[in-house]
Amino acid sequence: MKTVTNLDSIRQYNALVGRETLHPLVGVHDFTTTPGGELPTSLNYGFYTVYLKTERVCNLRYGRSNYDYDAGTLVFIAPGQVVTVESESDTVQPIGHALLFHPDLLWGTSLAQHMKDYGFFSYEVHEALHLSDQERLIVLECFRKIDYELRHGVDKHSRKLIVSNIELFLNYCVRFYDRQFISREPTNAGIVEKFEQELNRYLASEQPQVEGIPSVAHFASLLHLSANYFGELIKKETGKTPLEYIQGKMLEVAKEKIFTPGKSVSEVAFELGFKYPQHFTRFFKQQVGRTPHQYRNSLN
């Protein structure tokens with residue numbers, strides 16, 4: 001097992017790769033022209049990091065999942081994430097471009113309040129952002145503007161301009177991810193189909209009685225996607241959130257089971273994974289407008 005190295009500050013990162021620290025809370029590096037020093041292959045980042053990959057030289061892993069990491073991709077790493085590079089040695093040389101910014105840079109800004117909205121920084125996200133040539137130029141231009149501010153010399157405008165350019169970059173990434181969802185529709189359709197198959201299998205088995213009501217996290221993990229990415233994908237493909245999709249399928253099964261001769265509402269609730277029958281009754285009434293008993297009686 002590789003030893004995890006903690007990087008708590010951007011100064012530490014810069015020291016490892018042999019780069020000057022122009023600002024203690026933010027940095028932009030271009031490793032395409034001047035190679036940096038080597039980093040440990042297993043790192044726990046204490047700050048936000050974005051890598052723009054220009055060529056494929058290694059694989060990344062988050063926990064047990066492979067990161068979809070190839071030439072022309074962006075990788076997003078949030079504070080507290082442990083990233084491991086699959087390599088035969090204990091060190092690896094950074095490739096491409098890197099943007100680093102510490103959470104302390106954002107305090108008191110609007111971006112600090114909205115960082116949670118950028119789901120691609122989630123620890124479990126292992127679906128990289130694949131850039132077109134034009135998108136890559138936009139990303140590099142954002143990096144260039146931040147680097148300019150760092151080299152311009154700190155004044156009363158510096159922090160605001162740096163944070164504004166980071167926010168601009170992140171908002172572009174939201175747009176690029178939306179484009180990627182559309183351009184990968186054939187693949188996404190396969191994921192939706194697989195999701196429905198696994199959901200049907202779950203509800204037809206005894207899993208609900210053992211593991212409870214089917215959760216979004218369960219199916220995201222089963223499909224090797226993060227909950228955030230999975231949620232965005234299902235919403236864009238079906239118009240429903242994964243939770244709404246699961247609840248709709250549960251309702252179909254519930255209606256069928258309610259009319260099974262000799263089966264009580266409590267038994268139906270238990271078979272669907274509800275711990276208490278009253279929770280099932282509440283769920284059913286919220287969805288249908290009537291309790292299971294009222295629904296069954298209205299159709300008899």
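E135 is buried in this predicted model, with a relative accessible area of 9%. The residue sits in helix 3, which spans residues 133-152. Its side chain makes a polar contact with the side chain of R179, at 2.7 Å. Beyond the four places on either side in sequence, E135 touches H130, F176 and R179.

The side chains of R144 and E141 meet at 2.7 Å, N to O. The two residues are three apart in helix 3, so about one helical turn separates them. R144 is partly exposed, with a relative accessible area of 46%. E141 is partly exposed as well, at 33%.

The whole structure contains ten salt bridges. One of them joins the side chains of K249 and E252, at 3.7 Å, N to O. K249 has a relative accessible area of 12%; the cut-off for buried is under 20%, so K249 counts as buried. A further salt bridge links the side chains of E271 and K263, at 2.7 Å, N to O. Both E271 and K263 are buried.

The protein chain as a whole has twelve helices and twelve strands. Of its 300 residues, 44% are buried. Among contacts between residues at least 6 apart in sequence, 72% join residues at least 24 apart. The chain exposes about 15400 Å². Carbon and sulfur atoms supply 49% of that area.

Notes: Residues are numbered from 1 along each chain as its sequence is written. This is a predicted model: local features need pLDDT of at least 70, side-chain atom pairs count only at pLDDT 80 or more; totals for chains, interfaces and linings use all residues. Side-chain values use heavy atoms; hydrogens and water are left out. Helices (H or I, at least four residues) and strands (E, at least two) are DSSP runs, numbered from the N terminus. Buried means under 20% relative accessible area, exposed over 50%, partly exposed in between (1.4 Å probe, protein chains only). Contact means heavy atoms within 4.5 Å. Accessible areas come from the Shrake-Rupley method with a 1.4 Å probe; for residues, only the protein chains shown count as cover. A polar contact is a pair of N or O atoms within 3.5 Å; within protein, one must be able to donate a hydrogen and the other to accept it, and residues adjacent in sequence count only if both atoms are side-chain atoms. A salt bridge is a side-chain nitrogen of Lys or Arg within 4 Å of a carboxyl oxygen of Asp or Glu.
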